[in-house]
Amino acid sequence: MGSTEEKTNYLSDEEIPLKSSPVAKNVLHSFDCETAAVRSSPDTRWWKTNNIRIRPLRSAYIVLVRAKINVLLPFGPLAILLHYLTGKHGWVFFFTLLGITPLAERLGYATEQLAFYTGPTVGGLLNATFGNATEMIISIYALKSGMIRVVQQSLLGSILSNMLLVLGCAFFTGGIIHHKKVQVFNKGAAVVNSGLLLMAVMGTTFPAVLHFTHTELHSGESALSLSRFSSCIMLIAYASYLFFQLKSQHNLYGPLDEEVDGEVEDDSEIFAWEAIGWLAILTVWVSILSGYLVDAIQGASESLNLPVAFISVILLPIVGNAAEHASAIMFAMKDKLDITLGVAIGSSTQISMFVIPFCVVVGWCMGKPMDLNFKLFETATLFITVLVVAFMLQEGTSNYFKGLMLILCYLIVAASFFVHVDPSNGE
């Protein structure tokens, strides 16, 4: 028994001085030498040096070449050439639209890559923000040119497009792929966004009703003053919403299927600093093309025989929402409806509660009479759209039939603006 206990004690892991044994020291020393040799080998140093040089080229290939939609990128410079050589506004408008489309989609891709390093909640906010960069830049250029109705209608069209077309296509595609299950999302976050959209409807309804009922205290001025006051209130409400979503109630209104950060980062294709650089480059290029696009709108309306309202509400937002469209559908196909709603509904909320009031304040600073009076037809369209989408989201589930209904509703809206004649300022 004594020999057995001694043997057991001798073989126990706690008593074996592994690291102090001569054999172990030799093994560990040889391992360290080999590791140091590998780290300092000429091949490794060459790989590290050339990797720094190759990274930007690989990033440029991923962003500018690999996606099939990038075949439309040359239309941007071509539109600028046509603007100076021919002056045909119809072709300039058409080619500028084609040139901006891949830029908007690539903005969404770069934002999506950056979102891998920030988490789903902040990622959805970034996607909505840079996804709306195209609309915001176009609006600022149009505002400088005094095209207030184009600003109003293009931003209204972005809200309608995101809520009906983008969300509808995402629900429809996700429902078809996951037809054997019921897709769910965070109903609490959807209800909060619906409430903000209804607040935006209220902000646009009162100036329109005040103007068209001729009950202004100061004719022509009260509606503008009310719009500027309401815009400041809406900006405060949106800032409070951001604090509420990101800080105060992050756990309550976060995604239902939030993933581990490590797993998310493995899916990224470019580094965070590369994504930020591409966001800056793409935004500058979009702003350049937006100037030519705004200049060609009126001429394109006359040459193509299309109402300016149809161009502003339907055509411009479809191009500007290319980023949201691609991202929302992709996340719905991956059964990540919380991010889909953050992109589609979050983008509509951001336009209605931030971009539109921001443009009113910017117009105020520029001396432009930009207001929240979107006219009765546009205001009614927005109100009905918000109601339809709010009813669709109240259950916290989605399927392909809900998506189909939203798409069909958007077709009705598009047809309505095709036959709509925008009233002049004097009417």
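I take a contact to mean heavy atoms within 4.5 Å, and with that in hand I looked up how the chain is held together: residues 24 or more positions apart account for 83% of the contacts with a separation of 6 or more.

Basis. I am working on a predicted model, in which local features need pLDDT of at least 70 and side-chain atom pairs count only at pLDDT 80 or more, while totals for chains, interfaces and linings use all residues. I number residues from 1 along each chain as its sequence is written, and side-chain values use heavy atoms, with hydrogens and water left out.

Whole chain. I find 17 helices and 2 strands, taken as DSSP runs (H or I, at least four residues, for helices; E, at least two, for strands) and numbered from the N terminus. Of the 427 residues, 49% count as buried, where buried means under 20% relative accessible area, exposed over 50% and partly exposed in between, with a 1.4 Å probe and protein chains only.

Entry on S290. I located S290 in helix α12, residues 272-304, and S290 is buried, with a relative accessible area of 0%. Leaving aside neighbours within four places in sequence, I list I100, I137, I138 and Y141 as its contacts. I also noted that the C-alpha atoms of S290 and A142 are separated by 9.0 Å, although the two residues are 148 residues apart along the chain.

Entry on T349. I placed T349 in helix α15, residues 337-366, and at 0% relative accessibility T349 is buried. With neighbours within four places in sequence set aside, T349 is in contact with N193, L196, L197, Y238 and F354.

Entry on salt bridges. I searched the whole structure and found 4 salt bridges, each being a side-chain nitrogen of Lys or Arg within 4 Å of a carboxyl oxygen of Asp or Glu. One of them joins E269 and R66 at 2.4 Å, N to O; because E269 lies in the loop between α11 (261-265) and α12 and R66 in helix α3 (residues 42-66), this pair ties together parts that are 203 residues apart in sequence. E269 is partly exposed at 28% relative accessible area, and R66 is partly exposed at 42%.

Another joins E378 and R149, with the closest N and O atoms 2.8 Å apart; the pair links helix α16 (residues 375-393) to helix α8 (residues 148-177), 229 residues apart. Both E378 and R149 are buried.

I also recorded K181 with D335, whose closest N and O atoms are 2.5 Å apart. K181 is partly exposed, at 44% relative accessibility.
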